[in-house]
Amino acid sequence: MWIEENHKLKKTYQFKDFSEAFAFMTRVAILAEKMNHHPNWSNVYNRVSIELSTHDAGNIVTEKDRKLAEAIDNLMK
């Protein structure tokens with residue numbers, strides 16, 4: 001579940017290992033590029049933490065962030 005905190009949508013995903021986490025990041029990168037909306041994220045071994053906010057709107061959560069969050073979740077289905 002995405003959490004809205006400090007004007008950001010946040011979520012951490014956990015995978016079996018680093019390779020699965022990196023593959024997920026690759027899929028998100030392609031998706032984000034197509035949507036022209038890029039996450040702030042980090043990866044440590046099998047975890048990927050993502051934060052979304054819209055810089056053009058003053059670093060707040062917008063519909064653009066909610067759409068990307070939903071699209072990222074759909075990659076997990």
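Which residues does Lys11 touch, not counting residues up to four places away in sequence? In this predicted model, Lys11 touches Met1, Trp2, Val48, Ser49, Ile50 and Asp73, with residues up to four places away in sequence left out of the list.

## Lys11 in strand β2

Lys11 belongs to strand β2, which covers residues 8-14. The relative accessibility of Lys11 is 15%, so Lys11 counts as buried, the cut-off being under 20%.

One of the residues that Lys11 touches is Asp73. The side chains of Lys11 and Asp73 are joined by a polar contact of 2.8 Å. Trp2 and Ile50 are also among the residues that Lys11 touches, and Ile72 touches both Trp2 and Ile50.

## Aromatic pairs

Across the whole structure, a search finds 4 aromatic pairs. One of them is formed by Trp2 and Tyr13, with 6.4 Å from centre to centre and 75° between the planes. This pair is edge-to-face, as planes over 60 degrees apart count as such. Trp2 is in the segment before β1 (3-5) and Tyr13 is in strand β2, so the pair ties together parts that are 11 residues apart in sequence. Both Trp2 and Tyr13 are buried.

Phe15 and Phe24 also pair: their ring centres are 4.9 Å apart and their planes stand at 40°, so this pair is tilted. Phe15 is buried, its relative accessible area being 10%. Phe24 has 0% relative accessibility and therefore counts as buried.

## The aromatic cluster

Which residues form one aromatic cluster with Trp2? Trp2, Tyr13, Phe15 and Phe24 form one such cluster. Of these residues, Trp2 is touched by Lys11, while Trp2, Tyr13 and Phe24 are among the residues that Ile72 touches.

## Ile72 in helix α2

Ile72 is part of helix α2, which spans residues 63-75. Is Ile72 buried or exposed? Ile72 counts as buried, because its relative accessibility is 0%.

With residues up to four places away in sequence not counted, Ile72 touches Trp2, Tyr13, Phe24, Val28, Leu31 and Ile50. Ile72 and Met25 are separated by 47 residues in sequence, and their C-alpha atoms are 9.8 Å apart in space.

Terms used
Residues numbered from 1 in each chain as written. Predicted model: local features only at pLDDT ≥ 70, side-chain atom pairs only at ≥ 80, totals over all residues. Heavy atoms only, no water. Helix = DSSP H or I, 4+ residues; strand = E, 2+ residues; numbered from the N terminus. Buried < 20%, exposed > 50% of the residue type's maximum accessible area, 1.4 Å probe, protein only. Polar contact = N/O pair within 3.5 Å; in protein donor to acceptor, adjacent residues only side chain to side chain. Contact = heavy atoms within 4.5 Å. Phe/Tyr/Trp six-rings, centres within 6.5 Å; stacked < 30°, edge-to-face > 60°.
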